[in-house]
Amino acid sequence: MADANPTAETVHITIDGMELDVPKGTRILDAAAMAGVDVPHYCYHPGLTAPAQCRMCLVEIEKVPKLQPACVATVADGNVIHTQSEKALEARQGVLEFYLVNHPLDCPVCDQSGECKLQDYTSAEGRAMGRSLEPKRVLGRDDFGGDVLFYADRCVMCTRCVRFMREVAQDERLAVVQRGHRNVIDTFFDEGLEGNLWADNIVDICPVGALVSKDFLHKARAWDLDRNPSICPNCSQGCNVRLETRDNQVMRIKPRPNPEVNAHWMCDYGRLNYEWINRGARIEAPMVKEGDRFVALSWSDALKRLAAALKEAAGGEARAVVSPFMANEDMGLLRRVMDATGGGTGVYRCPTGEEVVLPGFPTLALRTDRAANSNGADVLGFNRVGDREGLGGLEQSAAHGGVLWVLGDELTDAPETFGQDASVYVYVGHFLSPAARNAHFVLPATTFAEMEGTFTNVQKRVQRFWPALQAPGMSRPAWQILGVLLAGISDAAPAATAADAFAALAGVRPEFGALQWAELGQQGAPLPSFAEAGD
Ligand code: SF4
Ligand code: SF4
Ligand code: FES
């Protein structure tokens, strides 16, 4: 087989009996991971410098007299490495025993329980019984400000939190104070971490339960959570995240690594702004206006009546108001439906705010556009209207006399008369606001958290998300609703899957045709320029 990268120099090594070739200069810890071996570690984190201070990662290398820290020692050709030798295990067991001397062993009430590296390593290779009979050091709990609580007794002094604030947030607000067995993490000033937009990342990287989130405190056990890959919906950066849910509610949002977008990090604004995803009182059934009241119908009856109404109203230009929180596929299928019924124009409104860059990884910023898909709306030909709050700009749509579409925009600030002049007013969305009640057809759509789809981020990177919640009632992804409608009014095949809906985007903007759904994977791909797509 041809070498995938003939210029990369590799070395041949053996780890726990497995032979493999890895790039020269690879850390032993990473090489072991390539062989499927997890070497215990606390102080090492791939997004930070490596101080090699916790000594949890000691491994034995044949012909090397001393045990080596796998987090900084790199592979050499011919290395025969043992992570499970008697000597390595004994050393790590001793290190773990010291970590447990002062630890309160309060797993039953610790939020980290179930995802704690002290639990994991002790269970995997620690001593069955502790031997210390001395009284334990007791330090208690400290409010570090922002969303962060510090349980000092649980700390293993790995300094990941201190290094994150120094190297990545570049806002040095934490330090190790005191010496020896008295040392402890502390803040410099009264405000602690208050006001730093990136501080909750230290909760993620703390390997034990020393740093916990106030928002998540005692809310759910780690083993009760379901986790699904998704995209943060709260700005156009499109951080890769996991939605962690229980009982069909988002309990917390955690970052997922993507070196092209957010590395290992996310901002606190995006992380803590999830309650809206859990909001109830949703539209649950397709409804058609009869006289001055709504009648709930089956999907097939509602869409047949809508197709007939659109046919009758054919001729004039349609107008659409879309939300930048909707997926590319939702907006694209709406465009296809509008094109099949005489064409028209569309607008979107987007709340905005100040941009805040993460200094240690400037690719990541809390972006001005506080919605995930404003770039998707642009690419798919919708024009921005309204003010910095994402309000206003609806005058023309409100008084439109032809077919009027609203996709996802809640219309909280729309006039009461919104849509009353429209020949056919179709509301595809989540909540029945007063302006939505004027619609002739109300069709319940899922949110991004309840469906598959893609967003286009500020870098024009197209990224997939997956369903994490059950959709309420009869609601469906808007792309599915519009895809079935399109099949009813044209010779297009209905979009049966999100992949079908994604493929249909090429009919709206050709550059989407250069991307394959399956190849987007969990990291996404950049949308090629018009030139690359052959437009
Ligand atoms: S608080 Fe957590 S991240 Fe910070 S030094 Fe202690 S164990 Fe490490
Ligand atoms: S930077 Fe934007 S996408 Fe990333 S977590 Fe913050 S709000 Fe979400
Ligand atoms: S992870 Fe290697 S010394 Fe801490």
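**Exposure, salt bridges and ligand shells**

Tutor: Arg131 is exposed, its relative accessible area being 52%. The model is a predicted one.

Student: With which residue does Arg131 form a salt bridge?

Tutor: Side chains of opposite charge can pair when their charged atoms come close. Here the closest N and O atoms are 2.7 Å apart, and the partner of Arg131 is Glu97.

Student: How many residues apart are Glu97 and Arg131?

Tutor: Glu97 belongs to helix 2 (residues 86–101). Arg131 lies in the loop between helix 3 (117–125) and strand 6 (141–145). The pair thus links distant parts of the chain, and the separation is 34 residues.

Student: Is Asp215 exposed, partly exposed or buried?

Tutor: Asp215 forms a salt bridge with Lys219, with the closest N and O atoms 3.6 Å apart. Lys219 has a relative accessible area of 25% and is partly exposed. The partly exposed class lies between under 20% for buried and over 50% for exposed. Because its relative accessibility is 29%, Asp215 counts as partly exposed.

Student: Which class of exposure does Asp247 fall into?

Tutor: Asp247 and Arg246 meet through their side chains in a salt bridge of 3.4 Å, N to O. Arg246, at 24% relative accessibility, counts as partly exposed. Asp247 has 64% relative accessibility, so Asp247 counts as exposed.

Student: Which residues are joined into one network by salt bridges that share partners?

Tutor: The structure holds 27 salt bridges. Some salt bridges share partners, and these join into one network Glu115, Arg227, Arg242, Glu244 and Arg252.

Student: How many charged residues does the shell around ligand 2 have?

Tutor: Ligand 2 is surrounded by 13 residues, the closest being Cys232, Cys235, Cys239, Cys267 and Ala365. By class, nine residues of this shell are nonpolar and four are polar, and the charged residues number: no charged residues.

Student: Which helix and which strand each supply at least two residues of the shell around ligand 2?

Tutor: Ala365 is among the residues closest to ligand 2. The elements that each supply at least two residues of this shell are helix 6 (268–272) and strand 19 (365–366).

Notes:
Residues are numbered from 1 along each chain as its sequence is written. Chains are lettered from A and ligands numbered from 1 in the order in which they are written. This is a predicted model: local features need pLDDT of at least 70, side-chain atom pairs count only at pLDDT 80 or more; totals for chains, interfaces and linings use all residues. Side-chain values use heavy atoms; hydrogens and water are left out. A residue is near a molecule or strand if one of its heavy atoms lies within 4 Å of it. Helices (H or I, at least four residues) and strands (E, at least two) are DSSP runs, numbered from the N terminus. Ala, Val, Leu, Ile, Met, Phe, Trp, Tyr, Cys and Pro count as nonpolar, Asp, Glu, Lys and Arg as charged, and the others, Gly among them, as polar. A salt bridge is a side-chain nitrogen of Lys or Arg within 4 Å of a carboxyl oxygen of Asp or Glu. Buried means under 20% relative accessible area, exposed over 50%, partly exposed in between (1.4 Å probe, protein chains only).
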